[in-house]
Amino acid sequence: MYRVLIVDDEKAVRQGLSKLILWEEYGFTVAGSAASGRQALERIHTAPFDLVLTDVRMPGIDGIQLIEALRQEHFPGEIIILSAFPEFEYARRAIESGVSHYLLKPINDHLLVKALERVRGVLASRGPAPAPPAPSAACEPPSVDPPPLASPDLMKAVLRYIDEHYNRDISLTAIADVFYMNAVYLGRLFKASTGQRFTDYLNTLRIERASELLRLPDLRIYEISENVGYHDLNYFYRMFKAKTGMTPTEYRATHLT
């Protein structure tokens, strides 16, 4: 089992997290808890831990300072930030410090499980768990996922994913699930990185692709609408005119090659 340390200054949160999911089913065991960053460091100095879940705002040494201290000490495990404060600055500092995930309180058990599965893959790539669970169908060795992405690479991957899937029914929440992230945090990171909200970026991309297809005489307009991800033709017309100042029909008449 991979050993987990839960760090939060609220006792109810520490207890709640330890009971939120059946940790053992995912290859983890809650092996300790701490009420402050300083106490967490003491725990880590006296016993091995593979994963630290830590709150951001705590008295004394806060979560970010704890992470920075662990990185300076070359802590070999993974770290997940838990915070009720979704300010971008906290998330940015957490990413720069090399955390695996940034999850917002109240913690969604589904997102926590996804984060744990990703962490388990990273840990498994470094070697077997210190104390493997008893053999069972539910405890097969996990597939090895790539390590979590740092901020610049993360946004490149997100934008590449959108470029490859823009013509499907995608949403910010769905993309956040793909990258094992919180949707609120991803939305803030996306806006800070691109200067646009996700929906504006997606619609702009779709209309750009539609404009290219409208230059081809063999495609019908409803086919183009479907091809770029709009299944409602009327909505496609409205969105296209809002972005270009012309209807698709007018655009085609002007730009047909």
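Guide: Helix axes are lines fitted to C-alpha atoms over the stretch in contact, and angles run from 0 to 180 degrees between N-to-C directions. Helices (H or I, at least four residues) and strands (E, at least two) are DSSP runs, numbered from the N terminus. The model is predicted: local features need pLDDT of at least 70, side-chain atom pairs count only at pLDDT 80 or more, and totals for chains, interfaces and linings use all residues. Residues are numbered from 1 along each chain as its sequence is written, and side-chain values use heavy atoms, leaving out hydrogens and water.

Start with helix H11 (residues 233-244) and helix H12 (residues 248-255). Their axes lie 9 Å apart and form an angle of about 55°. H11 is therefore oblique to H12. Angles under 35 degrees count as roughly parallel, over 145 as roughly antiparallel, 65 to 115 as roughly perpendicular and the rest as oblique.

Which residues meet? H11 brings Phe236, Tyr237 and Phe240; H12 brings Pro248, Thr249 and Tyr251. Contact means heavy atoms within 4.5 Å. By class, five residues in this contact are nonpolar, one is polar and none is charged. Here Ala, Val, Leu, Ile, Met, Phe, Trp, Tyr, Cys and Pro count as nonpolar, Asp, Glu, Lys and Arg as charged, and the others, Gly among them, as polar.

Thr247 sits in the loop between H11 and H12. Setting aside neighbours within four places in sequence, Thr247 contacts Tyr237, Phe240 and Lys241. Tyr237 and Phe240 also belong to the H11 side of the helix contact. Thr247 has a relative accessible area of 17%, so it is buried. The cut-offs: buried is under 20% relative accessible area, exposed over 50%, partly exposed in between (1.4 Å probe, protein chains only).

Now Leu213, in helix H9 (residues 198-213). At 22% relative accessibility, Leu213 counts as partly exposed. Not counting residues up to four places away in sequence, Leu213 touches Leu219, Ile224, Asn227, Val228 and Arg252.

Five strands form an open sheet in the order S2-S1-S3-S4-S5, with parallel pairing. Two strands pair if DSSP finds at least two bridges between them. Strand S2 (28-34) and strand S5 (101-104) are the edges, each pairing on one side only. The twist averages 20° from one strand to the next. Strand S1 (residues 2-7) and strand S3 (residues 51-55) pair in the parallel sense over four bridges. Val4 stands opposite Leu51 in S3.
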